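Here is a friendly tour of a structure, meant to be read with the model open beside you. Take a look at it before reading on.

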Amino acid sequence: MTDNVADKRALGRRQVLGAAAGLGMLGPSAAFAQAGGPWSQTPRSKVDRVNFVVWTYGDIYSRIGKQFEADWGVKVDSTISSFNDHPTKLATMFAAGEKIDVSQSSPFSFPNFVNQGLVEPIDDLPGAAEYIKDFTAFTGQVATIKGKTMGLPYFSAVWVWNYYADMLEKLKIDTPFTTYDEFIEHCVKAKRDGVSRYPVLWVAGVGLEQLPGTWYQMTWNRGGTFFDKQGKHMLGPGSIARETLKWWANTFEKGLDIADPESLKVQFTTSAKAFGAGKNLYRGPNHHYGLNVVNDPAQSPIAGKVKVHSSPGDGRTIGVTHVYFLSSANRNKEWAWKLLQYLGGKTRDGNYTQAVALAKDAMLGSGYTSVMKSDAIRTGWAPWGDVDAILKTWDKAAYIGEVCPSVYEPWHFPWTDQLNIEVQKCLTGQITADQACDNLIKGIADAKRKV
Amino acid sequence: MPAGRFAFFMNVPTLLLLVLVLAWPVIYAGYLSVHRVGLAQLRRGEFAFTGWENYGRVFEDPLFWGALQNTLVFTFVTVSSELVLAILIALLINQTGVWTSRITRFLILLPYAIPPIANGLIWSFIYSFQFGFLNRILFTLGLTDVPVNWAGNPDTALYAVTVPYIWRTLPFAIILVHAALQGIPRELYEAAAVDGASAWRRFWHVTLPMLRSVIAVILVLRTAFAFAVFEEILAITQGGPGDATWVAAWYSYKITFSPPNNFGMGSASAFILALMIGAIALVYMRFIYRRVTL
């Protein structure tokens, strides 16, 4: 929904090429500031400023904003909030009629944003086809909604386990677990020997992919899903998801009491920080990049002692890509597209500047195949963990949408609210796994009514 | 100009301001609550009328009833604790003969100056299971040998949130009670003392009746604010574990601002909350405030 009449002009590839050809006859300086791909073309229209609404991550946005201003002479305004506050901030700005050129989304909020008209498709924009060709499998699954490409990748991550090598050595265990039974054995031994009061720290804090992600990952690794391709739930009695929850709940206080009670509060980064205290043997499956916190000497007393570990069985795991998108509330589509590329694509020099910086500085994976295969990943990740081991896990990862296809549905969000509640009640022994799953089955209809 | 008319005109600007700032959002929320309102509709300003549908959805939602129950428990615990503590502390700092009471009077205001979110974050750290100050103190004093999961245990989480809330808002009640205490004529106490009344009887028959009006004000205001508690929940538990600390305002927030952003249903739940607060305020005024004015 672009409000300016001038902005409502569709910017097709043909138009841009036609304009470029025409202007090209006038001389090279008139059309493009610099020869090269579409990312280096100067938009024909003029704007004073552009803006993005994102969640905070270090200083990446001030850096890329400055680069955009230096390259194009257009000021970049930013609205930056915390990850959890971002959907609220974006929603209120959109509802209040403010201009938003570019924003970002987790894959879980994304179908809702698309459904509510916040997002514009990018298929026809200059250079989009090249980006799409370079998308990794995850990215294609997240960014494509109802057959249209709705965004460019921010970062990708896969779920891996971590273990504290010194503690394993102290327990005289040669290698980390290869089966879930072995995992329990190790944890029980660590507790019995007084090496760790709570040998496992799970990521079970409330969130869209924190607590749910842990359950999704372990269910998928055991061969289960939450919904089948036709949308029928797979949570009934005897289902893999239900049995996984029973197993998981048994690690908490009312069962084996090997799970750290902090698990119920921690998110991805906070769990890495808590694990850095060196009190747990294993850190449950979660985003791989936590290693750059827990193996950072400035942040962790056990830096360098935390190793990455893949899941039991065939090692299958889950992965995810977060995206940037072109807002329908943009002030100028050409410039918004330009800014979107700076965040989720190429800068004027034709480099994936942001994706490479994120790989190097934050150990994040990229949504582009070419970046994933580049040296940026190897050199960027090497200080924090075993790059080969993570990339091996990467190859065995499926997008969360395959495990829980409801992520594509607008009702997934309210259903996840209930999932967080039911599973936490189960993990704290207030209800059984059977009751939790039964409630979640009933909750599907309730969630659909809330949409 | 007659005094009555003059007073009316003098009140008009205030009235208009209150209507604009206070009444309009409430009326608009009421309007939204009977329409289908998502993000797209809100931006376009076009809402389809749905009648009482949103209210029906709220009443059908078991989570709403759970949140309401938690809100009632939270309100009862915080308001009653605040009232008792405020009277006790105000009586103490009202002792003019004790010079330290002047310092106490100043220090007591500090928690009220702390932003609610910052307060929540401070207490979140205090309650931390393995690294929190509270468990560390209890452990050091030998009162426990295992850390207590204050905010992570469904049996204690709601009560754990009441403490930071009381800590932050108590000064307001203390100030009101302290001000009221200073307004009680000394002669009443002197007369009671001449009649041989003990300290307890002086409190019961002189102080407490004279505090009734301020108690009514505290009850109304603190109940209204406790019913709408949000910041401490956001900072400490985010409603968890499970739904142990889902309160009514948290419910409205989640329904409204989390995708799919059902502003209509969120407004309906907020409106129900507002009506409940209004009803409770009327009860207070009828049974406590009126007795004083009679």
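The notes below cover the model, its cores and the contact between its chains.

## About the model

This is a predicted model, in which local features need pLDDT of at least 70, side-chain atom pairs count only at pLDDT 80 or more, and totals for chains, interfaces and linings use all residues. Residues are numbered from 1 along each chain as its sequence is written, while chains are lettered from A and ligands numbered from 1 in the order in which they are written.

## The nonpolar cores

A nonpolar core here is a set of buried Ala, Val, Leu, Ile, Met, Phe, Trp, Tyr and Cys residues joined through C-beta atoms within 7 Å. Buried means that 20 or more other C-beta atoms lie within 10 Å of a residue's own, exposed means 12 or fewer, and partly exposed is in between, with C-beta atoms placed from the backbone.

The largest nonpolar core has 131 residues, and those touching the most other members are Val200(A), Leu245(A), Leu281(A), Leu339(A) and Leu340(A). Strand β6 (residues 152-164) of chain A contributes the most, ten residues; strands (E, at least two residues) and helices (H or I, at least four) are DSSP runs, numbered from the N terminus. Apart from this core lies another, of 51 residues, including Val58(B), Phe74(B), Ile218(B) and Ala244(B).

Chain B has 15 helices and two strands, and 36% of its 294 residues count as buried.

Between the chains, 26 residues of chain B are in contact with 31 residues of chain A, contact meaning C-beta atoms, placed from the backbone, within 7 Å. On the side of chain B that touches chain A, α2(B) gives the largest share, four residues.

Terms used:
Contact = placed C-beta atoms within 7 Å.
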